[in-house]
Every structure is written in structure tokens, then in C-alpha cells.
Amino acid sequence: MADEKTPSYEQAREELAEVVRRLETGGLTLEQSIELWERGEKLAALCEEWLQGARVKLAAAMAQRRQPDVPGDSPF
């Protein structure tokens with residue numbers, strides 16, 4: 001998920017907040033507003049993707065914790 005082109009969750013969230021602030025401030029042309037809205041939609045989707053990935057990792061970690069240790073499964 002995190003390559004050099006993809007912003008981190010925090011970066012995407014920060015930029016999304018800035019997009020919302022600029023849209024709420026107003027004073028933009030229709031074209032500028034549409035461009036910002038589209039960028040905001042992409043950022044929101046990216047944030048959701050990051051959060052979904054975190055949910056999957058958390059669920060896997062929680063499931064692993066609930067699994068009883070199976071004898072012979074440990075290297076020690």
C-alpha cells in the first residue's frame with residue numbers, strides 16, 4: 001500500500017482536511033470546486049482503504065490471539 005506515490009494515511013487525511021477547508025471557504029470557480037471535490041473523493045477513498053487494511057490486520061491479530069497454542073507448532 002505505502003509506496004512512494006501513495007501518501008500515508010496521515011498525509012491523505014491532512015490533505016483531505018485542507019480540501020474541505022478550501023471548499024467551505026468558497027470563492028472558487030466552479031471548475032476549481034469540481035477539481036477539489038474530485039481530489040477529496042480520491043483522498044477519502046484512500047483513507048478508507050488504509051482504514052480497511054488496518055481493520056483486516058487487527059482482526060487477524062485478534063484471531064491469532066484467540067487461537068490456543070498447538071503443541072509442536074512452536075519452535076521451542
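Let's start with Arg21, which is partly exposed at 43% relative accessibility. Keep in mind as we go that this is a predicted model. The side chain of Arg21 meets that of Glu18 in a salt bridge, with 2.6 Å from N to O. Glu18 is partly exposed too, with a relative accessible area of 35%. Both residues sit in helix 1, three residues apart, or about one turn of the helix.

Helix 1 itself covers residues 9–25, which makes 17 residues. From its first C-alpha to its last it reaches 24 Å, close to the 24 Å expected at 1.5 Å a residue. Just after this helix comes Gly26, with a positive phi of about 80 degrees.

Now let's look across to helix 2, which spans residues 30–66. Side chains of opposite charge can pair when their charged atoms come close. Glu15 and Arg39 form a salt bridge at 2.8 Å, N to O. This pair links distant parts of the chain, since Glu15 belongs to helix 1 and Arg39 to helix 2, 24 residues apart.

The structure holds three salt bridges, and one of them joins the side chains of Glu48 and Arg55 at 3.2 Å, N to O. Glu48 is partly exposed at 40%, and Arg55 is partly exposed at 44%.

Finally, turn to the surface, where Glu31, Glu35, Glu38 and Glu41 gather in a patch of negative charge. Among them, Glu38 lies in helix 2 and is partly exposed, with a relative accessible area of 45%.

Terms used: Residues numbered from 1 in each chain as written. Predicted model: local features only at pLDDT ≥ 70, side-chain atom pairs only at ≥ 80, totals over all residues. Heavy atoms only, no water. Helix = DSSP H or I, 4+ residues; strand = E, 2+ residues; numbered from the N terminus. Expected span 1.5 Å × (residues − 1). Patch = residues over 30% accessible without salt bridge, like charges linked within 9 Å, V, L, I, M, F, W, Y side chains within 5 Å. Areas by Shrake-Rupley, 256 points an atom, 1.4 Å probe, with all protein chains shown as cover. Salt bridge = Lys/Arg side-chain N within 4 Å of Asp/Glu carboxyl O. Lys, Arg positive; Asp, Glu negative; His and termini not counted. Charge placed at Lys NZ, Arg CZ, Asp CG, Glu CD. Buried < 20%, exposed > 50% of the residue type's maximum accessible area, 1.4 Å probe, protein only.
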